[in-house]
Structure formats: structure tokens, C-alpha cells
Amino acid sequence: MQDEEKAKKKCFLGLCPSFWTRYKLSIKADEEAKTVAELLGQGKFDRVSYRAAPQPQVIMAASVKGFEAFESRRLVLNGIMEALKDASIKVIGVHGMGGVGKTTLVKEVARQVKQGQLFDSVVIATVTQTLDVMNIQNQIADLLRLKFEEQSKVGRALRLRERLNKEKKILVVLDDIWARLDLEEVGIPFGNENEGCKRLQTSRDLNVLSSGMDTQKNFAVGLLNEEEAWDLFKKMAGDCVESCDLQPTAIEVAKKCAGLPIAIATVARALRNKSLFEWKNALRKLTRPSSGNFTGITAAVYSAIELSYNYLESEEVKLTFLLCSLIGHNGFIQDLLKYIIGLGYFQGVYTIKEARDEVLTVVSKLKSSCLLLESYNNERFDIHDVVWSVALSIASRDHHMVVLRDGDVLKEWPDKERMNNCCTIYLRSPSIITELPDEMECSGLRFLYMAHDGSVKIPANFFRLTERLNRCVLEDISIIGNLKSLEILSLFQSDIEELPRGIVELTRLRLLNLSRTKLKIIPPKFLSKLSKLEELYMEDSFIQWEEEVPGRERRNASLEELKHLTHLTTLYAHIPNAQIIPERLFIETLDRYRILIGDYYTWDWSDHYEYSRTLNFKLNISIYLDHGVKILLKKTEDLYLDQLKGIKNVFDELNNGEDLRHLKKLHVQNGLEI
């Protein structure tokens, strides 16, 4: 670094670099390069670097976002830390009402434990009311950097238990437990199986912890006292509450939040920088809370969250929030985007790229307002259970949405009058309803989501009277050509093996998702007919691209067809044979891509990607990189290079010596010649 600083010094009154300094540095660099070359000759280096043995960890900031070191929280946190140090205590419980801050507290415990090296490893999994064992397994495995090869829950549980038992001292945090969790089914050691494994568990119900999860010591997280509540309120609302005119009203508003952090945060954020009359109006509404009966939520808390909803800046933001509540925990932003486009919520938005930017902006605003939370990656969002319940109530009351969460059971279909007023039906689980009516009389229905696993039969005329419905379940996909106005089509994870002929009739299609299908045949010239297509997803799917040769018939699509998609901005695809890539295939409008070039037959598409532009080369032959591929290289943020034959200098030979200015991550392996 010191030599580099010397090289930056100027001569000739600062107008030119110091040539003498740079000359000396070049001599030194040449000598060091020779030394490196000798070392390379003595050893075998298959890749630039090797991954160290996986070190499971929880990476957290200096303090967990949202954690406030109030006296009431500090006492509980210190108690938990002491219990974790006690060799006789292996299972610890944390309980308290929804929204009181249990999750934030145990995340802070995890951070301090890791920082203080009390445990070698810390893993966290959110259980939720909707028990999904495989999801819990995935959360723990991700933090352990463990990849499951097993498909069954039992096989994965055995593998996970084996991996956890290799840790000498590990803390497993299980958050938001609603009922007894079978640890053996998940694959978490218990009893005396691993003396170094401790569990920290949270629940709203003390009985669930003590009776169901065998906790040995439990800690209660209560409401904030009046002083703590006011301090938090001031922090979230800003300095405006200290003004002599506003402060008396602000104090009363804070009191109405009943010491519940989630209510305090949402109300304070909603009223931040608002006028005095708006504060007084908010106080009036909080003084006369809704009288509805909501399980586990007081009328005051309900009104506090409803107030935050009412203060959202526009109808677009409100409707987006309600859609987020339909999707629920760890919702996928891509799903939210599809629903919003289909329902036409955003005005003045003409492309999917514009719609995505708008969705991301709104989701960011909802997180800032504390109505949405961060999820485990940047492609998802989360929502607190208390906020979720209030949002679903508002959706049902004000927007005629029929929404049933997992665990709810619809014993009979709603009556005709209610259905005719209904605009949205969202059934998250196939087990919610046991039987569907022959016809769904719902003339105003615009959106239907129904998880379908084949256990409930869909009558032939079920959709006949739903005139405004833009999406429906199609068991016979050959009729898809009749939906000529269709703009978004997702066949994600379907068993389809051949793209139906009717696809060429969908000339208005803007997004096509064929990811994780069994697709092996896309007939020639089908893709080129979809001239309006903006986004094409083919992850872990079709790879049977054929070369376009004059006079030779093809059975499958060629890469040349993608040139006709002039509006394409997103492409996820795998091209096994690099030699059939036509010149100038990739256009400059391509803004988001995940492209594999080469024989990546074991690539894990499910890996979390940090960046939106990823390019992977695995080539054991030397190829000519045309202008189109180089356009991608210039914009690529995440670059994987594997077995690049004939390439010695990545920048010189792949990109004509030009810098890859957008590159943020580079992975090189099996590069003997590089």
C-alpha cells in the first residue's frame, strides 16, 4: 500500500505521474512475478482459491436492527446469557404476547453469543404458525452451508442431525413456536444426544414451551413501561414530538399504544413529520378503538396498526400492503410483482421493469413504516403476525377479500350474496377446503389464488361464471391459446414436457416462467412469435437448444429465436453447448440475467444470488466471445469461471483488456492456465 501511494505522487508540477517511482515499482513487480511463477511451477493449483471448511455462522451488525437496550430488555437478555453459560441448562424459553419484541431479543442474544464466542456456531430458524418441517430444515442448513441431496424429510433430518452433532458447541434458536415441534422429525439433537447443543426457543404461550418443548428455564418479555415506551416513540417519530405544541398530544398517542413495541413503531412512523391536527385526529381514533373481536389482539393495538395503514401515502401503497398480507410470511417479491401487474394497481407503468422498480420502492416504504419486515434474503419480505392479522381483517372488511391462512378450514363455500361481492379469493393451502361447488358464481372476481395438489377436484364448470378472472387453473394446458390477452404465464415446477402449440397465440405475453419444469421440447419458431416478451425464466429447465442450420429441420428451439425478442430485459437460461451461440445473441437491453454457458449439469439453481446479473462459464474448449457475450461481461456483477481452456489473462482475453466495472464477485476454479 505504501508503494502504491508513492506511485501516485506527481512530477512536473503535479501534471504527470512520477515516472521514476513507477519504473522502480515495475522492476520490483517483475521480480515478484518471477517468484510467483516459480511457486506455481513447483505446485499444483487447480483453482485460484479453495473454500475453507464451512464455518456456520450468524453474520449480524454491531447491534440487531430494532433492538433497544431498555432496562426491562437488558434484564431479560442478561438472564438468558447467564442461563446459556449454565452447564445444567440446555433448553431455554422466551415467551410474551405478539409484537412485544421476542424475535428481536433472541437475535440480539445470538449476536452477543457469537461475538463473545460462547458457542462455536449459532443457527436460527423461524417456525411460525404454519408448520413446515422442510422449510425449517432449509433455514438451518443454509446457515450451516449444508446442501441436501436427500429428497425426503426423513433423509434430510438424518443428514441435518449428523451435521449438527459434529459441532462441539452450538446454539439452535427456534423462533415463533405455536405448538409442540417434533425435533426428531426436523433433525435437531435433543436429550443427551449432543451435550454441546443448546436450544433457545420463543413462543407466545408459556405452556407450549414448558410442556411441549421441555424448557428448563423460561423468561417473560413484557410490555414496555411508560418511560421506555415514550423513549422508543420519540426515536421513531423524530424530534418533532419535543415541540411544546405537539408534545402533550404525542405523549397521549404514545400511551394509547399500550407499551407494545410493534404498535409504537407503526404509529410513530405513520405520524412522523405530520401536522398537529393530524396528531389530534389520530389520538381521537385511538381513543375510540375498533370493537371487533380479534384473537390475541387488543382493540387498542388493532386501532394502532390500522392507523398506520390509514396513513400510508396512496391507495396504490395500501393495496400493495394488503396483497403482501395475502402472501404472508417470507413472501416472494416476484409473486407480488405478478399479482400487481395482473390487477393493474400501478398507473403510468408500461413495462415489467418499471413495475418491478415501483414494487421494490413500495416494499421499501412499507418496511420503513414498520408494516413489513426484512426477510432472509433481498428477494423476499416478511410481516409480523400481529400486523398480518390486522391487515387480513382490513382486506376482508374493506375490499371484499376472502382470505384463509394455513390452519383455517372452510367447511362450506360462502353464500351467493357474499361471493358476488367478492373481488379476491386467496386459499393458501389445499387442505383449507374439502369440496368446491359445481360453479363459482362470482361475477366481480378479479383474483383467485388456490393452492392445488390434486386432493380437491375442480369441477369442469367451476370458472364458467367468473367473467373478469384473468388467471385460472388449467389442467389441460393445450387450451391455453384461447387466453389471447394473457400477459403473464408461469408454469413453474409443473410436469410439462412439451410447450403446447397454443403458446404462439399469446402474442401479448410479457412474462413467461418455465423454471424447474420437465420441459424437453420447445417446437421451432414458438419463442420467436412471442415478440412482446420482456422476461423469460428457464432455470433448471430446458437445455435442448439446437443449432439453426439452413436446409436442416429442427425438433427444438434455437438460440437465434431469442434475437426476435427485442423487448427482452430478463433472461435466466442454461446453454450447455457454447459453440452454437449465434453472434450478437445478447442485446444491450438485457438488464437482469442468470446465464450458464457450458456443461453445468450439477449447478444448484436454488442458491441465493446476491446480484441480478450473473454469468457462468464452464468450458473445456476455447471459444470466440462475440460482441453479444462481451456486452454481458461488461455489465456482469457476479462472474463464475470454470475450466476455461486457452484463457490465461481473464481481462485481456475475455474483455479485450477493458475493466469489468460492474463486477462485484469473481469465482475461478479449475483454471490451470489462468
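The model is predicted, and local features require pLDDT of at least 70, side-chain atom pairs count only at pLDDT 80 or more, and totals for chains, interfaces and linings use all residues. Residues are numbered from 1 along each chain as its sequence is written, and side-chain values use heavy atoms, with hydrogens and water left out.

The secondary structure of the protein chain amounts to 20 helices and 21 strands. Here helices (H or I, at least four residues) and strands (E, at least two) are DSSP runs, numbered from the N terminus. The protein chain holds 674 residues, of which 49% are buried; buried means under 20% relative accessible area, exposed over 50%, and partly exposed in between, computed with a 1.4 Å probe on protein chains only. Contact is defined as heavy atoms within 4.5 Å. Among contacts between residues at least 6 apart in sequence, 60% join residues at least 24 apart.

Two helix pairs that share helix H12 were examined. The axes of helix H10 (residues 247-256) and helix H12 (residues 276-287) come within 10 Å and cross at roughly 30°. This angle makes H10 roughly parallel to H12. Axes are lines fitted to C-alpha atoms, for helices over the stretch in contact, and angles run from 0 to 180 degrees between N-to-C directions. Angles under 35 degrees count as roughly parallel, over 145 as roughly antiparallel, 65 to 115 as roughly perpendicular and the rest as oblique. The crossing of H10 and H12 is left-handed; a crossing is left-handed if the near helix is turned anticlockwise from the far one by less than a right angle, and right-handed if clockwise. On the H10 side, Thr-249, Ala-250, Glu-252, Val-253 and Lys-256 meet Leu-276, Trp-279, Lys-280, Leu-283, Leu-286 and Thr-287 of H12. The residues of this contact between H10 and H12 comprise six nonpolar, two polar and three charged. In this classification, Ala, Val, Leu, Ile, Met, Phe, Trp, Tyr, Cys and Pro count as nonpolar, Asp, Glu, Lys and Arg as charged, and the others, Gly among them, as polar.

H12 also packs with helix H13 (residues 299-310), at an angle of about 145° and with the axes 9 Å apart. The crossing of H12 and H13 is right-handed. Ala-282, Lys-285 and Leu-286 in H12 meet Ser-303, Ala-304, Leu-307 and Asn-310 in H13. The residues of the contact of H12 with H13 divide into four nonpolar, two polar and one charged.

Strand pairing was considered next. Strands of a sheet pair through backbone hydrogen bonds, either parallel or antiparallel. Two strands are taken to pair if DSSP finds at least two bridges between them. Two bridges link E8 with strand E10 (residues 380-382) in the antiparallel sense, and Phe-332 stands opposite Arg-380 in E10.

E16 is joined to E17 by three bridges, and the two strands run parallel; Tyr-537 has Tyr-572 in E17 as its bridge partner. Strand E17 (residues 570-575) is in turn joined to E18 by six bridges, again in parallel. Ala-573 stands opposite Ile-595 in E18, while Ile-575 has Ile-597 in E18 as its bridge partner. E18 then pairs with strand E19 (residues 613-618) in the parallel sense over six bridges, with Gly-598 opposite Lys-618 in E19.

Six of the six residues of E17 are buried, so E17 is largely enclosed by the rest of the structure. Thr-570, Tyr-572 and His-574 point one way from E17, and Leu-571, Ala-573 and Ile-575 the other way. Seven of the seven residues of strand E18 (residues 592-598) are likewise buried, so E18 is largely enclosed by the rest of the structure.

Two loop residues complete the description. Glu-534 lies in the loop between strand E15 (511-513) and strand E16 (535-537), and is buried, with a relative accessible area of 9%. Leaving aside neighbours within four places in sequence, Glu-534 is in contact with Tyr-350, Thr-351, Ile-352, Lys-353, Arg-510, His-567, Leu-568, Thr-569 and Thr-570. Phe-67 is placed in the loop between helix H2 (19-42) and helix H3 (71-85) and counts as buried at 14% relative accessibility. Not counting residues up to four places away in sequence, Phe-67 touches Arg-73, Leu-77, Thr-104, Leu-105 and Glu-108. The C-alpha atoms of Phe-67 and Glu-108, 41 residues apart along the chain, are separated by 7.1 Å.
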